[in-house]
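Dear colleague,

Please find below the structure I promised to hand over. My findings on its charged side-chain pairs follow.

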Amino acid sequence: MDEKYIFFIVDEDPFFTEELSDVLTSDGQTVYSGTVSTDIVPEIITKKPDCIILNIITPGAESLKLLQHLRQGSALRDTRIAIMSAQPDELDRQLVFASGADSLITKPIDKRTIADDLKRIIEEKFTFTFWGVRGTLTVPGRKTLRYGGNTPCVSFRVPGDTLLIFDGGSGIKELSNLLLSDARILTRATIFISHPHWDHINGLPFFVPLYPRGNTLEICGPPNNGMSMRELIA
């Protein structure tokens, strides 16, 4: 991804600003910065950034007021706004998106991938990957390289830290392997199970992000024969 963009970092933490600025400028991006205050809005408008990065410790009144102020008028209508925050809860997420954010990234950030992640937010790129499409049994071998010989699993990555996973067949192990090889810090995801046949759930125990303490992974699916999805997974 060789595209060059203008970023404006609005931050409560000067050390984080310097760290992120170094990463982005090393990638060839143009970076400006300032502190959390509505007084900074005119300066941001004059710089015409492609992406505003609002780094906040907690989504408090001042940061939400700034976010809402940035979304007023038409000057920054086409500018993406990415929120960075450490371990935001569900209420925090609802507040920042309701106030006008385009994406929320959970810290700590991965210095190796954050530049590309932010560029995907600007370009509004979504990624579908079919990790497995087979039914009942896995079918390894060269004939299944194109479509995947594992049982069903499809991932849908939204710019930011949102990951949606559809079915947890053996293909989810390949997704887990990728996350581990990239050293991506996955703390939140939603897994949708279409139905609880064995080939749609047999990979779940091998999805490593399920195990670290503090991760939030929601598993959703329909009841079957009077049993809830919680009971079925258990």
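Is Lys 111 buried, partly exposed or exposed? Lys 111 is partly exposed, its relative accessible area being 49%. Please note that the model is a predicted one.

Seven salt bridges were found in a search of the whole structure. In one of these, the side chain of Lys 111 meets that of Glu 19, at 3.0 Å from N to O. Lys 111 belongs to the loop between strand S5 (103–107) and helix H5 (114–123), and Glu 19 to helix H1 (residues 14–26), so this pair ties together parts that are 92 residues apart in sequence. Glu 19 also counts as partly exposed, at 31% relative accessibility.

Asp 102 deserves a separate paragraph. The closest N and O atoms of Arg 71 and Asp 102 are 2.5 Å apart, and the two residues form a salt bridge. Arg 71 is in the loop between helix H3 (61–70) and strand S4 (80–86), whereas Asp 102 is in the loop between helix H4 (90–98) and S5; the pair, 31 residues apart, links distant parts of the chain. The side chain of Asp 102 also meets that of Arg 80 in a salt bridge (3.1 Å, N to O). Since Arg 80 lies in strand S4 and Asp 102 in the loop between H4 and S5, parts that are 22 residues apart in sequence are tied together by this pair.

As to accessibility, Arg 71 is partly exposed at 24% and Asp 102 is partly exposed at 29%, while Arg 80 is buried, with a relative accessible area of 14%.

Finally, a network of salt bridges links Asp 27, Asp 116 and Lys 119.

With kind regards

Note on methods
Residues are numbered from 1 along each chain as its sequence is written. This is a predicted model: local features need pLDDT of at least 70, side-chain atom pairs count only at pLDDT 80 or more; totals for chains, interfaces and linings use all residues. Side-chain values use heavy atoms; hydrogens and water are left out. A salt bridge is a side-chain nitrogen of Lys or Arg within 4 Å of a carboxyl oxygen of Asp or Glu. Helices (H or I, at least four residues) and strands (E, at least two) are DSSP runs, numbered from the N terminus. Buried means under 20% relative accessible area, exposed over 50%, partly exposed in between (1.4 Å probe, protein chains only).
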